[in-house]
Structures are given as structure tokens and as C-alpha cells.
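Please keep the sequence and the structure in view while reading.

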Amino acid sequence: MEMSDSTTAEAAAGTTSHTAQPTPELTLGSGAPAEEAPKTHAAPTMRGRIDRFGVAMGTGRRKTAVARVRIRRGTGKMTINNRPLEDYFRVERNRAVVQGPLEATEMVGHVDIWVRAQGGGTTGQVGAIVLGIARALQAMEPSLHVRLSEGGFLTRDGRMVERKKYGRKKARRSFQFSKR
């Protein structure tokens with residue numbers, strides 16, 4: 001029996017070809033290693049629109065608050081219920097959250113924003129305004145969709161106040177128990 005040079009060297013070294021090879025990778029399917037699929041984003045759903053004057057509009061909702069937002073190219077002026085942003089939201093955190101979609105898309109100082117906010121409280125109105133601004137920005141420039149969605153600005157927060165149930169003091173709180 002003739003031996004090749006490689007098997008002769010392995011026999012002299014006391015090893016076999018089975019121990020020199022690493023264990024095979026387990027795969028399902030064709031036996032080929034899995035290939036990474038490129039990340040593709042689905043076609044975005046446009047919730048905003050552009051009117052005949054070129055003004056982008058978007059509606060945002062959060063809890064019971066509704067914000068109707070209009071955006072056009074400009075100097076960066078923001079008006080909420082006919083008041084400047086600094087007068088309407090006194091808390092710095094609320095102002096920063098409202099500016100979030102603009103900072104994520106680098107549109108601060110490039111667009112004028114007009115907002116009509118109704119209902120709810122401060123937190124609800126802030127969330128509604130953020131969603132409305134994001135939808136209007138997406139309508140104005142669809143290429144901003146990826147940055148807005150990665151920042152979570154296009155997601156509607158569906159949490160609402162739970163209704164009160166009969167036989168209970170609030171939605172889940174029972175009346176105080178009296179033993180006697």
C-alpha cells in the first residue's frame with residue numbers, strides 16, 4: 001500500500017487528519033454557513049402631508065392631548081398656541097424633549113414650527129407635539145424617516161388612563177377593608 005507524503009508525516013508524528021481539523025460548524029438547511037442579510041427598511045408609512053402652500057403638516061397624540069403641527073422652511077421660530085416655546089413650556093426638560101426630533105435630524109434653525117395643542121396636561125402635550133413634529137418632518141423630507149424612527153420619534157405611545165371599575169375606588173384600588 002502506498003502512502004502519500006502528508007499521511008506519512010502524520011503517521012510519523014502520531015497524529016491523524018481527524019484530530020488536526022477543527023470541529024465543523026453546525027448549520028441548518030443547505031449546510032452552507034449562514035449569510036448576513038442586509039438590513040432593509042420597509043417602505044415608511046407617511047402620516048403627515050404637505051398642503052398646497054408647501055407647508056408640512058402632522059398630527060400627534062399622547063394620552064388625551066392632540067397637537068396639530070405645521071412646519072415650513074424658515075429661521076427656527078417655534079410657536080405653540082400663539083406663544084413662544086420658552087413661555088409655553090417653562091420646564092427645561094419639556095423644551096429639550098420638544099427639540100428632540102429637530103436635533104436628531106439636524107433641522108434646528110432651518111424650519112419654522114407652528115403648533116396648536118389641545119387637551120391633556122403638560123406631559124401629554126409634549127409627547128403629542130414630538131410625534132406631530134416628527135410626522136411633519138417625515139412628510140417634508142422622506143429621507144429623514146430612518147433617523148426619526150431610530151430615535152423613536154415616530155412611535156405613538158398608546159398608553160391611556162385605565163378606566164374606573166364599579167365596586168372599586170379607582171381602576172384597581174379597592175375600598176378600605178373593614179373587618180367589623
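Which residues does T75 touch, not counting residues up to four places away in sequence?

## Overview of the chain

The model examined here is predicted. Its secondary structure comes to six helices and six strands. Read from the N terminus on, the elements follow the order α-α-β-β-β-β-β-α-α-β-α-α.

The chain has 180 residues, and 30% of them count as buried. Among contacts between residues at least 6 apart in sequence, 66% join residues at least 24 apart.

T75 is found in the loop between β3 (65-73) and β4 (78-80). Not counting residues up to four places away in sequence, T75 touches G109, V111 and D112. T75 and D112 are 37 residues apart in sequence, yet their C-alpha atoms are 6.1 Å apart in space.

Is T75 buried or exposed? Its relative accessibility is 67%, so T75 counts as exposed; the cut-off for this class is over 50%.

## A buried residue in a helix: Q125

Q125 lies in helix α5, which spans residues 122-140. Why does Q125 count as buried? The reason is its relative accessibility of 10%, because buried means under 20%.

The side chain of Q125 reaches the backbone oxygen of G119 at 3.0 Å.

## The largest nonpolar core

The largest nonpolar core holds 30 residues, of which I71, I113, I129 and I133 touch the most other members. The elements that give two or more residues to this core are β3, β4, α3 (85-88), α4, β6 and α5. Among these, α5 gives the most, with nine residues.

Leaving aside its neighbours within four places in sequence, I133 is in contact with V69, I71, M78, V98, P101, L102 and I113. Two of these partners, I71 and I113, are named with I133 among the core residues that touch the most other members.

Where is empty space left? Rolling a probe the size of a water molecule over the atoms shows this. The largest pocket has a volume of about 230 Å³. It is lined by 16 residues, and the closest to its centre are R62, V126, G127, V130 and D157. Two or more lining residues come from each of β2 (56-62), α4 (92-104) and α5. Helix α5 gives the most to this lining, with five residues. By class, the lining of the largest pocket divides into five nonpolar, five polar and six charged residues.

The second largest pocket contains about 200 Å³ of space. Which residues line the second largest pocket? They are R47, G48, R49, M57, G58, T59, R68, V69, R70, W114, R116 and R135. At least two residues of this lining are supplied by each of β2, β3 and β6 (111-118). The lining of the second largest pocket divides into three nonpolar, three polar and six charged residues. One of its lining residues, V69, is also a contact of I133.

Conventions: Residues are numbered from 1 along each chain as its sequence is written. This is a predicted model: local features need pLDDT of at least 70, side-chain atom pairs count only at pLDDT 80 or more; totals for chains, interfaces and linings use all residues. Side-chain values use heavy atoms; hydrogens and water are left out. On a 1 Å grid over the protein atoms alone, a cavity is a set of points where a 1.4 Å probe fits but cannot get out, and a pocket is an open set with protein on both sides within 12 Å along at least five of seven lines; lining residues have an atom within 4 Å of a point. Grid points are joined across faces, edges and corners, and a volume is the space filled by probe spheres set on the points. Helices (H or I, at least four residues) and strands (E, at least two) are DSSP runs, numbered from the N terminus. Ala, Val, Leu, Ile, Met, Phe, Trp, Tyr, Cys and Pro count as nonpolar, Asp, Glu, Lys and Arg as charged, and the others, Gly among them, as polar. Buried means under 20% relative accessible area, exposed over 50%, partly exposed in between (1.4 Å probe, protein chains only). Contact means heavy atoms within 4.5 Å. A polar contact is a pair of N or O atoms within 3.5 Å; within protein, one must be able to donate a hydrogen and the other to accept it, and residues adjacent in sequence count only if both atoms are side-chain atoms. A nonpolar core is a set of buried Ala, Val, Leu, Ile, Met, Phe, Trp, Tyr and Cys residues joined through side-chain atoms within 4.5 Å.
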